[in-house]
Amino acid sequence: MLVSGVDLRTPLKQHFGYDEFRPLQREIVTDALNGRDVFALLPTGGGKSLCFQLPALLRDGLTIVVSPLIALMKDQVDALRTSGIAATFLNSTLDESEAKARWRGLHRGEYRLLYVAPERLMLEGFLEKALNWNVELIAIDEAHCISEWGHDFRPEYRELKKLRTHFPDVPMMALTATATERVREDIVKQLKLRDAQCYVASFNRPNLTYRVAPKTSAYAQTLEFLRARPNESGIIYCASRKTAESLAEKLQRDGVPAKPYHAGMEGKDRSKNQEAFLRDDVRVITATIAFGMGINKPNVRFVVHYDLPKNIEGYYQETGRAGRDGLPSECLLLFSAGDVAKQVRFLDEKSDKEADIARAQLREMVAYAETRACRRATLLKYFGEEWPNQSCESCDNCLEPRETFDGTVAAQKFLSCVYRIQQRSGFSFGMNHVTEVLTGGETDAIRSRGHDQLSTYGIGKELKRQEWQAIGRELLRLGLIAVAPGKFATVELTPAGRDVLKHRATITLTKLAEVREKPRRKRAGEIECDEALFDRLRALRRKIADERNVPAYIIFSDASLREMARAMPTRLGDFGQIAGVGEQKLKNFGDAFVAEINEYLATRTPAIAID
């Protein structure tokens, strides 16, 4: 079924309500329709789902979608059904009669899409039945889970490599939002994709603002942040289950509707809290990293990292859950040296190989948190993408460049201390030991090695250990010292560091960041509209969603509502032109929303007196 030259925008508007494709969607859809294997890496909010949903509607058979999470299956199926598309899922939440009804529907060819978890799909009896369903495409979502090199490896995904044996002629599509080049290659290899077209979109999320703030009083900082955004919903990521629980309790006491989510909770409680968040019954979810993969809530306006993430891949994916609808959203990371120390202690519990990888990932995460360079450019560089501009105008370092100072003397002291310690002992020590020597620490390790006799002992008493640690990490980023791999992470001078020490070159360092609010400005993705009308349309959307027992965003996204509140369509024909309004949604909801807009305009516009 070659589709070259066919205008796919007509079915795009008819089924999904959009006039144009997002980057790479058209190419991926075309390849899928032409029966090619495809690997697609699109950022969160980049429209991965449409890449297999649209081909499913344009072919006669069934598309099987492998999805790791029950909540995601229900969410996607609810959205498809609301748009008039025959879709279903099979998982453990269904009772026996409902499951049998869906099996019958599959055998009768009633569905275009079936969502299923990998462990259920790979059951022998399941695959034998699927051979009778005229399967036209197999789409594997969150495909990075198949790779041991990925940040979210799941053993059950490994079994998916058997799909090629069972369905040798069925094209396959692997999709993910985060994968380094090594992980991408592993996905293609594990799934045995044949001559796969590989599409890698930009990792840039222009509507997200990135900020890092020194963690001084974490709860007070978080509460202040939330109170400044009283009508917005978001996710707060915590390092431990205990923190997620206690933070939710504190927020509830202070009047912020919040619920926890973590792997230690009973399944029904987790589902209940997630559903409350998806339906806007609570506006904040405090969660461990167990929460989020596949969460399709488009109006998450902020993501706060209460604790330091373990690696940049996880951080990128978690921040990516904000602003999936393209509207401006914020990502705040609270950072402290104490969080780094905690994570280092946990690494001792891992095997040597795992610990070495985790240490390297943690150092990259700390470097991101402390950099004075553009945060967007730093993130993109990690994934092999260059940011072409000097300023992204939407991260704290670009909007409010941190103050710098002549750090030549401090750098000389630090570098000299590293050199003297190594010269005295014949081998290097870690960052903590160097800062202890600089500040005149009286430890057994210092005395037993005679480091209290060094010329650099105590020459840095004017600064706190924490400040010397920050200076050390900045010298590491500048390439003047290097950290050896392994458990002890010793530091030593690089050739560039020796050169600086020898010639007393000028070194510019950065002052510790302060929390400052940004001045108001127009942001990427912002849709200016009548806010009062937007609130009324949001209330109408919630009423309709409750009647249908689905989350509000299944009816329309915030972006669609803001377009309505900007354009104010008073007739069905004009309402149908709004992005996100397809044929089925126009038929189901058009009258109600147009009536609400007309009623608002009638009350807002003063009557003209007629003499």
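These are my notebook entries on what I looked up in this predicted model.

**Setting up**

I number residues from 1 along each chain as its sequence is written, and I work with heavy atoms for side-chain values, leaving out hydrogens and water. Since the model is predicted, I take local features only at pLDDT of at least 70 and side-chain atom pairs only at pLDDT 80 or more, while totals for chains, interfaces and linings use all residues.

**Entry: aromatic pairs**

A pair of aromatic rings is described by the distance of the centres and the angle of the planes. I count rings of Phe, Tyr and Trp (its six-membered ring) as paired if their centres lie within 6.5 Å; planes under 30 degrees apart are stacked, over 60 edge-to-face, and the rest tilted. How many aromatic pairs does a search of the whole structure find? The search gives 15.

I looked up phenylalanine 225 and phenylalanine 302, an edge-to-face pair with 5.4 Å centre to centre and 85° between the planes. Phenylalanine 225 lies in helix α11 (residues 218–227) and phenylalanine 302 in strand β12 (residues 300–305), so this pair ties together parts 77 residues apart in sequence. My helices (H or I, at least four residues) and strands (E, at least two) are DSSP runs, numbered from the N terminus.

Phenylalanine 225 is buried at 6%, and phenylalanine 302 is buried at 0%.

Phenylalanine 556 is in the loop between α25 (552–555) and α26 (558–567), and phenylalanine 593 is in helix α28 (residues 583–604), so the pair links distant parts of the chain, 37 residues apart. Both phenylalanine 556 and phenylalanine 593 are buried.

I also found a cluster: ring pairs link Phe203, Tyr316, Tyr382 and Phe383.

**Entry: charges over rings**

For a charge to sit over a ring, I ask for NZ of Lys or CZ of Arg within 6 Å of the ring centre and within 35 degrees of the ring normal. Lysine 250 lies over the face of tyrosine 219, 5.4 Å from the ring centre. Arginine 562 has its charged end over the ring of phenylalanine 534, 4.7 Å from the centre.

**Entry: cavities**

Rolling a probe the size of a water molecule over the atoms shows where empty space is left. My cavity is a set of points, on a 1 Å grid over the protein atoms alone, where a 1.4 Å probe fits but cannot get out; lining residues have an atom within 4 Å of a point. I join grid points across faces, edges and corners, and a volume is the space filled by probe spheres set on the points.

I get 2 cavities of 30 Å³ or more. The second largest cavity has a volume of about 30 Å³. Which residues line the second largest cavity? They are Phe203, Asn204, Arg205, Tyr210, Tyr316, Arg376, Leu379 and Leu380. Helix α17 (residues 375–382) gives the most to this lining, with 3 residues.

**Entry: helix α22**

The expected span of a helix is 1.5 Å times one less than its number of residues. Helix α22 (residues 465–477) has 13 residues and should span 18 Å, which agrees with the 18 Å between its end C-alpha atoms. Its buried residues include Trp468, Arg473 and Glu474. Glycine 479 follows α22 and has a positive phi, near 80°.

Asparagine 134 is not a glycine, yet its phi is positive at about 55°. Asparagine 134 sits in the loop between α7 (124–130) and β5 (135–140) and is partly exposed at 44%.

Lysine 192 also has a positive phi, near 55°. I find lysine 192 in the loop between α10 (181–190) and β7 (197–200), partly exposed at 42%.

**Entry: sequence against space**

Proline 551 lies in the loop between α24 (531–548) and α25 and is buried at 3%. Proline 551 and alanine 276 are 275 residues apart in sequence and 9.0 Å apart in space, C-alpha to C-alpha.

Tyrosine 237, in strand β9 (residues 233–237), is buried at 2%. Tyrosine 237 and leucine 8 are 229 residues apart in sequence and 39 Å apart in space, C-alpha to C-alpha.

Key: Buried means under 20% relative accessible area, exposed over 50%, partly exposed in between (1.4 Å probe, protein chains only). On a 1 Å grid over the protein atoms alone, a cavity is a set of points where a 1.4 Å probe fits but cannot get out, and a pocket is an open set with protein on both sides within 12 Å along at least five of seven lines; lining residues have an atom within 4 Å of a point.
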